[in-house]
Amino acid sequence: AATAPRIPSTRLALHHFDTSYSLHLGALWPSVRAGLLCEQKYGALLNNFAAADHVPQELELLNATDFVSEAHQKAQQWQQGAAVGEAATGCQEGSGEGRTVMQAEMVTQAEMSPPLCASISSKIKCYTFPRGDITRFRPARPDTLGLLDYYLMDAASLLPVLALNVQPDDFVLDLCAAPGGKTLALLQTGFCGHLAANDVSVSRTKRLYRILHSYVPKEVRDTVSVTSYDGRDWDQVKGGTFHKVLVDVPCTTDRHSAMEEDNNIFHKRRTKERQMLPMLQLQLLMAGILAARPGGAVLYSTCSLSPLQNECVVE
């Protein structure tokens, strides 16, 4: 008997996204869909441990810019604009001497309040090309000690690291660390007193080891412990220990699922695994919360647009 042709996993993924995300995102979905199906653009995360002072100038000559410092500048401009707007409102509402006092109070508050972007580490630099520019970065090059000058990654993957706001001497846990881009970015802050990088996959952990050896000097690697525990059981290993915990969970990896057949979670034999993802994500988040010390911070992230894997898990 003839068998029905196998439907590509990418087509199954896209059909699923069209059905669910069109409802969730509405009129935004067509442009988001186009973005998912475009060739992936990478950012170049500068390696602060490499002797590569020439690299920023080299990238800027190619019209690449550091999106982290740009975000910092835009946030400062926004804050200054908001403070001026509030001061103007206060002036309109007051009169005479009271108006002057109100304006002085608003300016003083704007000067003394911490910047909205204070959590953005000035030590992290990631260069990207402008929208519409499909230039590719050259492969990373080693310095005289063999450390590579930058790491190519999806620039959006840097956002959880920036939001985690690591402070000097923080003990940090990256619960689902492989392949290692976010672990490397955490080290670029220069603030980790100790970094625990864990991933349940032994093969992916080996890739993490390779990245650390390619980008990080030994004295810094000695502050990193790499393990392959099931993240759901982490609280049984080192519960209540960490100032900051990053829980970047396995997910449907939407861009990969829409573009690549290899290791695609929408393959029919992985249907149950995909359906169980929100439960796995919830268990990992709970383990991350239990791993944090009192007063610590836990950041949950995915590379999926699915509300079931994001808001629903957190709520």
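**Group meeting: a walk through the model**

Start at Cys-303, in the loop between strand E9 (292-301) and helix H14 (311-314). Helices here are DSSP runs of H or I with at least four residues, strands are E runs of at least two, and both are numbered from the N terminus.

A word on the source. This is a predicted model, where local features need pLDDT of at least 70, side-chain atom pairs count only at pLDDT 80 or more, and totals for chains, interfaces and linings use all residues. Residues are numbered from 1 along each chain as its sequence is written, and side-chain values use heavy atoms, with hydrogens and water left out.

Buried means under 20% relative accessible area, exposed means over 50%, and partly exposed lies in between (1.4 Å probe, protein chains only). Not counting residues up to four places away in sequence, Cys-303 touches Cys-251, Thr-253 and Asp-254. Contact means heavy atoms within 4.5 Å.

The largest nonpolar core has 33 residues, and Leu-45, Leu-158 and Leu-186 have the most contacts inside it. A core is a set of buried Ala, Val, Leu, Ile, Met, Phe, Trp, Tyr and Cys residues joined through side-chain atoms within 4.5 Å. Among the elements that each supply at least two residues of this core are helix H4 (67-93), H7 and strand E6 (192-198). Apart from it lies another core, of 16 residues, including Leu-173 and Val-245.

Take Leu-45. Beyond its neighbours within four places in sequence, its contacts include Ile-124, Tyr-151, Leu-158 and Leu-184.

Next, Thr-183. This residue sits in helix H7 (residues 181-188). Thr-183 counts as buried because its relative accessibility is 0%. Leaving aside neighbours within four places in sequence, Thr-183 is in contact with residues including Asp-174, Leu-195 and Leu-212.

On to helix H1 (residues 9-25), which holds Asp-18. Asp-18 is partly exposed, at 27% relative accessibility. Which residues does Asp-18 contact, leaving aside neighbours within four places in sequence? They are Trp-29 and Arg-33. Asp-18 and Arg-33 are 15 residues apart along the chain, and their C-alpha atoms are separated by 8.2 Å.

Last, helix H13. Met-279 is in this helix. Met-279 is partly exposed, with a relative accessible area of 43%.
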